[in-house]
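Let's go through this one by asking what each label rests on. Have a look at the picture, and then we'll take the questions in turn.

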Protein chains: 2
Amino acid sequence: MSGKRVGITDVAAAAGVSITTVSHALSGQGKVNDRTRQRVIDVAAELGYAPNRLASGLRSKRTGIIGLVSDEVATTPFAGRIVLGAQEAASDRGWLVVVVNSGGDRLIEQRQLASLLAQQVDAIVYATMSHRPSSLPTALRTIPTVLVNTHDESIDASWIVPDSFTIGTDATRHLIEHGHERIAHLTIAESGLGRDGRVAGYRAAMEEHGHSPIIVSTPEGATAVGGREAAEQLFERHPDVTAAFCFNDQMAMGLYQVAALRGVQVPDDLSVVGVDNLDLVAAALLPGLTTVALPHYEMGRWAIDQVARLLEHEDPPPAVHERYRCELIERDSVARPRG
Amino acid sequence: MSGKRVGITDVAAAAGVSITTVSHALSGQGKVNDRTRQRVIDVAAELGYAPNRLASGLRSKRTGIIGLVSDEVATTPFAGRIVLGAQEAASDRGWLVVVVNSGGDRLIEQRQLASLLAQQVDAIVYATMSHRPSSLPTALRTIPTVLVNTHDESIDASWIVPDSFTIGTDATRHLIEHGHERIAHLTIAESGLGRDGRVAGYRAAMEEHGHSPIIVSTPEGATAVGGREAAEQLFERHPDVTAAFCFNDQMAMGLYQVAALRGVQVPDDLSVVGVDNLDLVAAALLPGLTTVALPHYEMGRWAIDQVARLLEHEDPPPAVHERYRCELIERDSVARPRG
DNA sequence: ATGAAAGCGCTAACAA
DNA sequence: TTGTTAGCGCTTTCAT
């Protein structure tokens with residue numbers, strides 16, 4: 001409509017007060033008479049005034065922008081959930097989040113991080129998709145940082161990771177509770193925080209019930225193709241298993257496929273449990289896949305909550321470390337074993 | 001390391017020049033002696049100086065931040081590709097992208113947009129996931145805007161959408177070229193730009209070869225469940241079709257499932273083509289799904305290129321409208337019909 | 001080719 | 001409770 005942008009001076013003039021009073025009235029900081037405050041608010045609304053966050057940030061050293069650094073944000077559908085959680089939590093506080101991703105490249109990461117710092121972001125959320133211990137860029141020591149899906153002992157930062165061990169125990173016990181004894185675990189060959197914890201949890205649950213663990217791992221990676229490869233091994237070497245706990249939903253998809261080719265019915269001949277609760281897979285499979293949900297959205301929110309905690313105290317509060325207990329989502333891929 | 005942040009003044013002092021000269025030397029704006037420039041650059045690097053983008057933005061009216069508004073960014077895996085494309089293109093120019101999503105809620109959208117404007121973003125990329133004509137928030141008239149996956153006649157903004165019609169013709173012709181004549185199109189009941197164009201393209205390709213169109217639509221939505229529902233209809237009412245072109249990969253997944261239950265083999269008994277080229281589905285299905293790739297990444301890049309074009313000219317250049325020709329990705333779900 | 005000075009639009013001290 | 005005055009760290013005139 002009007003050509004010129006309306007600034008705080010315009011509001012002050014229109015309300016007949018000083019710009020300081022406008023600033024105070026709108027930010028709720030200083031003491032302002034309620035009647036004055038209301039008038040200022042009304043005038044500001046009428047004029048369509050919105051504070052220039054650049055100017056206020058320059059002065060107050062707070063931009064209300066949080067940088068979210070990820071290694072491969074858009075390549076995995078999980079990442080989006082982390083970002084969404086962070087954004088919604090940020091939005092609740094009137095903050096913005098700017099996402100950069102490095103694709104795993106250290107150099108790019110460094111450049112992106114420099115961009116964020118130059119932009120005077122208030123804090124950094126550093127999320128990896130791979131849940132491996134990461135050695136953080138040193139630039140992060142300068143600024144409040146929260147880690148998601150990874151941790152780093154060399155820095156005093158809060159972090160949150162899914163509790164991999166209980167993912168393994170919960171999934172396995174769920175199968176045991178349904179009467180299964182010969183339960184295999186299909187996983188990837190490559191070691192990693194997410195993998196190793198689940199394997200250990202599976203082992204523990206099997207052993208506590210006196211069942212011997214059957215672990216099949218594939219060098220293929222945690223995809224449907226890897227799942228197929230592992231499934232072939234499984235049917236060759238352990239044709240008598242009645243249930244399988246898979247490293248993730250995609251591997252479970254591969255297992256479904258090989259099972260179908262061999263005339264093995266899920267869940268009547270074989271019960272299956274996955275990990276991720278990836279809608280596109282877990283809910284889409286037939287029968288629907290029972291799986292342990294990874295709390296990506298929640299971790300994103302948690303990270304912003306931690307940032308808020310860091311930012312509201314002048315002296316940095318101690319770092320918080322959390323292993324999030326994941327939830328088993330029941331669908332139709334688990335049944336009692338036959339006869 | 002050092003406690004205080006290094007500013008332009010520190011660099012000026014260390015290099016023995018004025019801050020004006022530092023600014024000129026680093027930005028490449030004014031005329032500076034090459035030797036002076038080099039010295040400034042060296043000193044700046046040595047000190048680890050990085051300009052405060054808040055301060056420079058406040059003065060120069062350019063923040064180097066692009067706002068990306070989406071209706072449901074993280075709920076779909078496609079969205080991530082748009083964001084990634086935009087981010088990478090932005091990063092090439094030293095820009096940052098801040099992503100907000102409204103979840104389709106007008107009120108939230110308005111609030112988020114206000115946040116972006118208050119943050120003085122240089123431009124807005126407005127992306128919908130649904131590819132429907134959107135009536136844009138009026139706030140967008142104030143600022144350079146580029147539309148992705150949608151278009152709006154009420155505003156003079158550039159936009160890009162996938163060419164739905166040729167998706168339909170290309171997919172259908174591909175099947176026809178493989179010798180199929182009785183080809184069904186499985187789609188959703190709800191009308192929309194993406195859907196209607198594909199249907200029209202399918203019709204056109206069928207008719208140009210004298211084949212009669214067989215369209216099966218489901219009220220269920222474009223998911224595996226919807227695909228199953230449509231597939232049931234298909235097998236009941238048109239048991240003689242030899243090929244199916246599905247609205248998207250997820251529906252194709254549903255078709256695979258029902259086909260398997262009925263003992264119909266893909267591709268020997270039934271050839272299938274999808275749309276999306278969603279890795280998690282198209283590449284994961286067995287056999288791999290031949291599908292038309294939607295250019296989400298490319299559209300994200302394109303949007304930022306357009307923003308750059310808008311920003312470098314003082315007077316706004318005319319809007320550009322593009323229908324992106326999509327590529328067919330061949331996998332293993334198409335074969336010649338049986339004898 | 002270089003520098004001095006003015007301000008971008010706001011908030012934080014400080015005074016009144 | 002309100003207003004005055006300094007800046008925040010940079011880029012931009014405009015001199016020199």
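Q: How many salt bridges does the rule find across the interface of chain B and chain A?
A: The rule finds 0 salt bridges there. To count, a side-chain nitrogen of Lys or Arg has to be within 4 Å of a carboxyl oxygen of Asp or Glu. Keep in mind that this is a predicted model.

Q: What does the rule find across that interface in the way of polar contact?
A: There are 12 residue pairs in polar contact between chain B and chain A, both residues at pLDDT 80 or more. As for where chain B does its touching, α4, α5 (77-92), β2 (96-101), α6 (106-118), α9 (224-237), α10 (249-261) and α11 (279-283) of chain B give two or more residues each to the side that touches chain A. By class, that side has 26 nonpolar, 13 polar and 5 charged residues.

Q: How many residues are in contact, and what area do chain B and chain A bury between them?
A: On chain B, 44 residues are in contact with 44 residues of chain A. The two chains bury about 4,000 Å² between them, with 63% of it on carbon and sulfur atoms. Leu54(B), Leu96(B) and Leu280(B) supply 18% of the area that chain B buries against chain A, more than any other three residues.

Q: Why is the relation of chain B to chain A that of a two-fold axis?
A: Two copies of a chain are related by a rotation about an axis and a shift along it. Here a rotation of 180° with 0.0 Å of shift superposes chain B on chain A, at an RMSD of 0.2 Å. That is why the relation is that of a two-fold axis. In chain B, the C-alpha nearest the axis belongs to Val98(B), 2.2 Å from it.

Q: How do you know that the same surface serves both copies?
A: Of the contact residues of chain B, 100% recur in chain A, so the same surface serves both, contact meaning heavy atoms within 4.5 Å.

Now for the DNA.

Q: Which part gives the most to the surface near DNA strand C?
A: That is α4(A), with 4 residues. Of the atoms of DNA strand C within 4 Å of the protein, 63% belong to sugar or phosphate and the rest to bases.

Q: Which atoms lie by the phosphate oxygens of DNA strand D?
A: One is a backbone N or O atom of Ser18(A), 2.9 Å from a phosphate oxygen. Another is a polar side-chain atom of Tyr49(B), at 3.0 Å. A polar backbone atom of Asn52(B) is 3.2 Å from a phosphate oxygen of DNA strand D.

Note on methods. Residues are numbered from 1 along each chain as its sequence is written. Chains are lettered from A and ligands numbered from 1 in the order in which they are written. This is a predicted model: local features need pLDDT of at least 70, side-chain atom pairs count only at pLDDT 80 or more; totals for chains, interfaces and linings use all residues. Side-chain values use heavy atoms; hydrogens and water are left out. A polar contact is a pair of N or O atoms within 3.5 Å; within protein, one must be able to donate a hydrogen and the other to accept it, and residues adjacent in sequence count only if both atoms are side-chain atoms. Buried area is the accessible area (1.4 Å probe) that two parts lose on being put together, summed over both. Ala, Val, Leu, Ile, Met, Phe, Trp, Tyr, Cys and Pro count as nonpolar, Asp, Glu, Lys and Arg as charged, and the others, Gly among them, as polar. Copies are superposed by least squares on the C-alpha atoms of residues with pLDDT of at least 70 in both. A residue is near a molecule or strand if one of its heavy atoms lies within 4 Å of it.
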